[in-house]
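User: Could you take me through parts of this structure, please?
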Amino acid sequence: MDFKSFRKKSPWILHYNTGSCNGCDIEILACLAPKYDIERFGALNRGNPKQSDILIVTGPVTKRAKERLLRLYLEMPEPKVVVAVGACACSGGVFRHMYNVENGVDKVIPVDVYVPGCAARPEAIIDGVIKALEILEKKGKEVELPRWCSVEVKPPVNRVKLLNRCLEELHGRRRG
Amino acid sequence: MVVDEVKVPLRDVRRTIKEFYNPQEWHFITVNGVDLGGKVELKWFFTRYGEEEYFKVVTAEASYEDEVPTITYLIPSAWISEWELADLFGLNVEGAKKGLFLDPESPQAPLRRG
Amino acid sequence: MGKRITVPFGSQHVALPEPVRFVFQTENEKIVDVEVDVGYVHRGIEKACATKFKYMQVGYVVARVCGLCAISHTLGYVTALERLMGVEVPKRALYLRLLVSELDRIHSHLLAMGHTAEVAGYENLFMQTFRHRELVMEMLELLTGNRVQFDFACPGGVNRDLTPEVEKVLREKLKLLEEKALWLKDVYENDFSLALRWKGIGVVTEKMAKEMNVVGPPARAAGLKTDARAEFNYLPFKEVGYKMVVLKGGSIYERNLLRALEVLNSIQMCWNVLDGLPEGEIKVPVKGLPEGEMFVRIEAPRGELFYYIRGSQKLVLDRVRIRVPTFSNIPVMKELFVGMDYADVPATVISFDPCLSCTAR
Ligand code: SF4
């Protein structure tokens, strides 16, 4: 059976805060609330990575949140899209080059949609999610890995092993 | 604004605070450090409930190697400020664990100058 | 006695809007030990304020410490700077700052109340609360030009004036908001199932509040009279009818009721500001270089916010220290959890309204 068209109708959202100021987070909450109501598009905010299709990330990715972010990303099943919400998730924003941040989500995981603004407006976030849905429809089942990651994947994929190898490489880079 | 500031040597800090501190009356705000190059100036801030614009400040200086006395015996909630101090200034605070904020890969003692 | 089981809570969790991590050791349903990790969002703002940014810019940087109480952080910083440099801020600017800071408090309180309701399983009330919160967001947008992160206050005054057209709309919305807030207070006070769920859970006693230096709504809900609005004279709160709300009890129920009552008081203050807004300038230029040290206490929506700044005749300050309310509420939370049922944990955490991006900076 072809699940593609169904997937677009009920995307589940996973939201992770990697060091944002909460400004963008409350705007995402406002999206879920009655006035903007992202549920119109079937989107629900669920805190479970294994059931989610869209990962919304806010914040410039602090050193400690980096590993968690990678974990969440790799735990999500394919196809998946990543939306970076807010100026600081796109490039680091005001926090760029502070000593404990990574300057943006795309330094750690691949990003599909960038939503700028400080704070990003709810309209913009909804627009970003809709754009992400279009991308989601086109994506297949192949595993996408971060740019810095040199781990090779051959189907069938063992997710636990993949996760461990990626984390190892992350830690190796940290030491090296 | 009334500021009542006392300057004491580092080892007398705990005694000074013990003399006046009483949880019914005093509110402990925080302990703050300022790097002076080679040493850190520490300030313990207190205020009194119900009084307007009043601060009591206990000041001491510590070199990077000194052991800073903890006041968690008197004020149990002070641990978090002390741990922060130990983390961000790299000071040796009695009973404090490192790693409240910083990760092994972030720069150590970032708030030191130079 | 059962076996000890370790239950991690966070950093990413359904009930948590914020990345904080608690690790509970439980014995059957009871918690016997807890560890807390608050460092997930440490970015290093204090360092950047003292190296990268000039003193006129720092106000906008510290606003990004926290998006929920953006105006409080800016206010804390600019008040400290103005006092240090001896700047006389025009009356009108002070009143406008007060207006925005109270609106900000309303939206933050409503958010906290809504969240607690959601965690109690009351999704409908969460949605209702958020719906009415949008009114405040619209008002803030009209007044300042942005929904969150409005950068309204600046050293020497405010960045935008209140025009008569905006004032007219504000009055209409404020009227509507007052109705809704009264209704919400009624629900949070009298709803049977909410009271059953919340009364007597997560109790902070007055003695505990004093010993652990609790600040903000949790302290006032426990009967401790502490509010930086009354204890520190940074804005003309007394002139616009500020009343301190203090409740007895200190459980989740009182914390939420207190928030609802404070929202009503804040709305009253907003009316008074709109009625008695003085004419005049909104901004004076700030010249010179800061020298010396200054510290201020501000009442942010979550409690007392403490700022320490120090300059030495340079464009860049020597030290900016931010002590945020959640930072001083973490110890009491940790204390509270020991001996509590695991099922009550999410509601208790949220009822403290923790703001981790403030805590870690
Ligand atoms: S983009 Fe701005 S509002 Fe959004 S999280 Fe970053 S600093 Fe906060």
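This is a predicted model: local features need pLDDT of at least 70, side-chain atom pairs count only at pLDDT 80 or more; totals for chains, interfaces and linings use all residues.

User: What is the strand order of the open sheet in chain B?
Analyst: The order is E1-E4-E3-E2, with mixed pairing. Strands (E, at least two residues) and helices (H or I, at least four) are DSSP runs, numbered from the N terminus; two strands pair if DSSP finds at least two bridges between them.

User: And which strands are at the edges?
Analyst: E1 (2-7) and E2 (26-35) of chain B are, since each pairs on one side only. E2(B) pairs with E3(B) (residues 39-48) in the antiparallel sense over nine bridges.

User: Changing topic: where is Asp106(A)?
Analyst: Asp106(A) sits in the loop between helix H4 (87-90) and strand E5 (113-115) of chain A.

User: Which side chain does its side chain make a polar contact with?
Analyst: The partner is the side chain of Tyr114(A), at 2.9 Å. A polar contact is a pair of N or O atoms within 3.5 Å; within protein, one must be able to donate a hydrogen and the other to accept it, and residues adjacent in sequence count only if both atoms are side-chain atoms.

User: How do H4(C) and H11(C) cross?
Analyst: The axes of H4 (residues 91-119) and H11 (residues 252-275) of chain C come within 9 Å and cross at roughly 155°. Axes are lines fitted to C-alpha atoms, for helices over the stretch in contact, and angles run from 0 to 180 degrees between N-to-C directions.

User: Why are they called roughly antiparallel?
Analyst: H4(C) and H11(C) are therefore roughly antiparallel, as angles over 145 degrees count as such, under 35 as roughly parallel, 65 to 115 as roughly perpendicular and the rest as oblique.

How values were computed:
Residues are numbered from 1 along each chain as its sequence is written. Chains are lettered from A and ligands numbered from 1 in the order in which they are written. Side-chain values use heavy atoms; hydrogens and water are left out.
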